[in-house]
There are 4 protein chains.
Amino acid sequence: MIVILKKSITPDEIDALVNRIRAFGVDAQISEGTGQTVIGLIGDTTKVDRCSLQANKYVERVMLVQEPFKRANRRFKEENSVINISNKTTVGASALTMIAGPCSVESEEQIVGIAKEVKRLGATALRGGAFKPRTSPYSFQGLELEGLELLKIARAETGLPIVTEIMSTSMIDKFVDDVDVIQVGARNMQNFDLLKQLGTIDKPILLKRGLAATIEEWLMSAEYIMSGGNDNVILCERGIRTIETFTRNTLDVSAIPAVKKLSHLPVIVDPSHAAGMAWMVDPLSKAAIAVGADGLIIEVHNDPANALCDGQQSIKPEEFGILVDKLRVIASVVDREIK
Amino acid sequence: MIVILKKSITPDEIDALVNRIRAFGVDAQISEGTGQTVIGLIGDTTKVDRCSLQANKYVERVMLVQEPFKRANRRFKEENSVINISNKTTVGASALTMIAGPCSVESEEQIVGIAKEVKRLGATALRGGAFKPRTSPYSFQGLELEGLELLKIARAETGLPIVTEIMSTSMIDKFVDDVDVIQVGARNMQNFDLLKQLGTIDKPILLKRGLAATIEEWLMSAEYIMSGGNDNVILCERGIRTIETFTRNTLDVSAIPAVKKLSHLPVIVDPSHAAGMAWMVDPLSKAAIAVGADGLIIEVHNDPANALCDGQQSIKPEEFGILVDKLRVIASVVDREIK
Amino acid sequence: MIVILKKSITPDEIDALVNRIRAFGVDAQISEGTGQTVIGLIGDTTKVDRCSLQANKYVERVMLVQEPFKRANRRFKEENSVINISNKTTVGASALTMIAGPCSVESEEQIVGIAKEVKRLGATALRGGAFKPRTSPYSFQGLELEGLELLKIARAETGLPIVTEIMSTSMIDKFVDDVDVIQVGARNMQNFDLLKQLGTIDKPILLKRGLAATIEEWLMSAEYIMSGGNDNVILCERGIRTIETFTRNTLDVSAIPAVKKLSHLPVIVDPSHAAGMAWMVDPLSKAAIAVGADGLIIEVHNDPANALCDGQQSIKPEEFGILVDKLRVIASVVDREIK
Amino acid sequence: MIVILKKSITPDEIDALVNRIRAFGVDAQISEGTGQTVIGLIGDTTKVDRCSLQANKYVERVMLVQEPFKRANRRFKEENSVINISNKTTVGASALTMIAGPCSVESEEQIVGIAKEVKRLGATALRGGAFKPRTSPYSFQGLELEGLELLKIARAETGLPIVTEIMSTSMIDKFVDDVDVIQVGARNMQNFDLLKQLGTIDKPILLKRGLAATIEEWLMSAEYIMSGGNDNVILCERGIRTIETFTRNTLDVSAIPAVKKLSHLPVIVDPSHAAGMAWMVDPLSKAAIAVGADGLIIEVHNDPANALCDGQQSIKPEEFGILVDKLRVIASVVDREIK
């Protein structure tokens, strides 16, 4: 961290500021130039409160040199984290993770049927929404607890681990019992109350990136979970909101190599929510694997036109199968494989 | 709502689609042009599931004609809503609401001292954070329950109603008992679990706009609270994230007249979080009142450089007093007053 | 400028890098911390090529401490610049500049009629497009040279200086002869060929901010003009493109105090293009003056519904008159006046 | 195009509006619902002035149904356009176009050396800047005319067609004589004067997407060139500006399938400018080919740390060679090849 001082500062005030900085447990080194005096902070600056320094009337600006996250940081753990999501499925190892399933769980027949099909075609986990975050209070909100029960039946029938979104802290115990990966949606990425409580369990968390979250903020949200003791965080890029309106969001493929450089956590891509259009799932999935993602989470529905939600972005099982075959070739180029 | 069809659609498939649309309780009118067939939906389309129409393989695009919110919509209630936040303070009436106070409650002396000062200088409500949403888990998280107690003392001493942020649904009963206005922060604007539960109480809710939320989404979040039965929603513009990085966020002053046109709900402005710089609070506050806001929520701290958070964006009580005097003149231009 | 080095750098390579930095005419000061070595650059860093430093394989990051613009910088000229745009009209002095007129010049009757009306109602300069930048090649492109002639007639009849947009470097001589302020549109803000050539004349330039330009880039474009010798630059904020789609662009009122802090150049606001809606011109104009702008440029048309372009954002002369009267009061609050 | 009317409109005023619409050469069909009357425009609406309709006081909103571009539109030309850029090189056919070379031409030795190397390693065209658009007037502006001469020498030695950026309309004749593909930079994407003049020649134009341009605006800029008679337009996605700051821009890979759906024009990707970091060129190039781009334009420099500009984003020839070999495999997945 570097603190740039105003010209008006006096030597006494520099001393006071240096003492204040040292109180955060870091050392301070002063550089006096012709135009500007700067203080360099040396040591672990993750616990220095940047804002309080910025509030000092002799401080012009505070600039970060190191990332403010620690447990999620690759500087502190060089090798890739590999997260177990079932006794035979991992995220972050050489084998790519292919999560597929409908936006919403609608019925036993639907979820079990889709689960069997996607498993046969290459999926290694099953997604399905039981509690649905909808922009409108008048839209279908999911089957809720009944949806969870149906997911469990689908898991029992196929062996696929299940991934589903949590909307409320009151559901954490239930989710710990019932599901394999707890998804935190984009709109809850900075629901700090939820993140803190998810830090106290050891179930894998799939943390989606917020619509306007920087990569750094996303990793800070991972840090919230990890600082509570739960290191099983899987990141998920799902598009950010930009000036482009043709697509619902803009898939930020650069975020994948960026996360890989900054962090040891695995990162997957959701091509369905990124574009919001079924016909874009195929090319975006290819791009995601080519750019280095650890896997995909794709909406697959047997009858998209009659889906209770998000049908416009769901592909059919047969399309999923064709896609997976193409992805195998791309995976080989980036030294990965699809089992 | 207008549904634009693909050229490949057959008359039978148009019939099937029309039946499906009518099942949502609205009527459908078909327009056949030379190039394109479109179906116009007539009636209350707030309950039509746009996504499921979009998923139909003969549908090219679905376009909204009317806003998807209803209880928050000025079409359904022409006169401005006025919300009582104490037995003598309202939001949305002719008198502007001036909410002031520190980012965080730090001690009894601090909060009571500031409360007395800002009241004397023109504030009509007291803000102060007890539970703080911080990007980093290592930053100060607020005094929590102790903070609430100190706010109550400040209220008892000054009579100012208190406004503070809720972070967790588990705190709702406590907040209903203790505070006058429950703030939902920008990062929780689409925490639908929280919004739904706040819909079941009748305490005023201050709903901040999310960092990347459109005005429509913000009003849809208000609709979540209102659809549960709580019509006491106060909106708060606090800046959106844009390509500009000099300011922390970009205060969207256009959102004020936009909200006034689309909705009957009151809307205030937070100039402190928008810019993130104390010296910008003065000009942005003037702009906010000039553009038609119903009030302001401003961070005021007696000793910004030693504030436990957000000191860089807090102004001092004397600066607040000078500002309020200037705002009185601007208020008169827009037919408002500051008591 | 601060150069953060990778841990892998050797003392010899540090020496080589320091020599390279000194070749740019600045001094280098090395700070060695426990984790990281940084080099501070001391002196005038505007001519240091940041990119070439960043390309060095031992450099992790380069951070700017000072702004990269010089002639536009308030550090180098403390007092506000005041630009003469006619023998009795200035921009940047205590009196606000009120530029009004139609989007496009359409006929002698139209432009002279509007000019007379807006002058009577408080305008101090006349705007009117002769060459129009239109997104579509099939839209009306302006009366071009004939439009310039009509503007000159309007000036002769009213004495108002004329402001109009240049689209091509081939027109510079003509514009120097004919107009009082040469406008550079948002889409040409980084048309460096045009900027360089405008630097060689001494006519005032109204430089609109680009749709996605940061304040720093905008000031760098001013610097292009000024570095050529033409210091008569007037900045114009006209909204940036953001995630909000209700308004055509988002008026960035914070940019006004930001520019005032960073630069000595005057800055005005265009509320018509910002929102793209006539009914928003009134509140946004009030916000602009309240926040500290040096003036406004407003589209005024006698018959907006029949305007050849941009009618949806034009106000009528009588609305302009009412607005100006309100603005006089707001101006007094910020120690300005409207003559 | 659909025109949504206000409730206050009278039958006479509807008639007047319909007549006005018909004057644009299209037909109008009225739909009266319970809540809202809408007029559907039938026929070629590309020449209807949307803004003038929007300015009508009885019009609430105008919504586009069809794209406003015509010659660039796939509806009007179904098969992919293939552009010849030399007697043996095309863009848009089955073979991918690999354009490589330095940011700036620096010397004969440099440009000829790099040209030979990249040709050997798989490049099919040579890029190199002679006129450089730089944010700062104090940065290196290119070798200008001398740079063009050196590019011609490199072409003579290798046979590679040359691609270089035009900054000024005064250079068009020179570029027509000297270069094979004229590049229009992102900052000039809406320099309509330049676009119009490039429409009058028949040299291939590489049109980069603006930093805040929507896909529709980008295609409208292509339409400017094409409406003048030059159909040889190659689009180039190079990242848009978003809220993410880790990368310089955000590569919008979704734009590739979007352009392919909306238009018949070829589209390539510039991974070097998108991220602004050399180490991201490899993964982003893979993503670009996987998502369906017609080729790449990559900055390759023999000595990035000593490049006169943009060294931080240039890769070395040997890295380019390794990348091309990987891309061959990905190309096969999307039914393309690299010669």
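The model is predicted. Strand 12 of chain B, residues 233-237, is largely enclosed by the rest of the structure, because 5 of its 5 residues are buried. Chains C and D superpose by a rotation of 180 degrees.

**Burial of strand 12 of chain B**
- In a regular strand, side chains alternate between the two faces of the sheet.
- One side of strand 12 of chain B carries Val233(B), Leu235(B) and Glu237(B), and the other carries Ile234(B) and Cys236(B).
- These residues are all buried, so both faces of the strand are covered, where buried means under 20% relative accessible area.

**Pairing and crossovers in chain B**
- Strand 11 of chain B (residues 205-208) runs parallel to strand 12 of chain B and is joined to it by 4 bridges.
- Within this pair, Ile234(B) of strand 12 has Leu206(B) opposite.
- Helix 7 of chain B (residues 215-227) forms a right-handed β-α-β unit with strand 11 and strand 12 of chain B.
- Strand 13 of chain B (residues 267-269) is also parallel to strand 12 of chain B, with 3 bridges between them.
- Glu237(B) has Val269(B) in strand 13 of chain B as its bridge partner.
- From strand 12 of chain B the chain passes through helix 8 (residues 255-262) to strand 13, in a right-handed β-α-β crossover.

**Chains C and D**
- The rotation that places chain C on chain D has 0.0 Å of shift along its axis and gives an RMSD of 0.0 Å.
- The two copies are therefore related as by a two-fold rotation axis.
- Ala212(C) has the C-alpha nearest the axis in chain C, at 2.8 Å.
- The copies meet through the same surface, because 98% of the interface residues of chain C are also interface residues in chain D.

Key
Residues are numbered from 1 along each chain as its sequence is written. Chains are lettered from A and ligands numbered from 1 in the order in which they are written. This is a predicted model: local features need pLDDT of at least 70, side-chain atom pairs count only at pLDDT 80 or more; totals for chains, interfaces and linings use all residues. Side-chain values use heavy atoms; hydrogens and water are left out. Buried means under 20% relative accessible area, exposed over 50%, partly exposed in between (1.4 Å probe, protein chains only). Helices (H or I, at least four residues) and strands (E, at least two) are DSSP runs, numbered from the N terminus. Two strands pair if DSSP finds at least two bridges between them. A crossover is right-handed if, with the strands pointing away from the viewer, the path from the first strand over the helix to the second runs clockwise. Copies are superposed by least squares on the C-alpha atoms of residues with pLDDT of at least 70 in both. Contact means heavy atoms within 4.5 Å.
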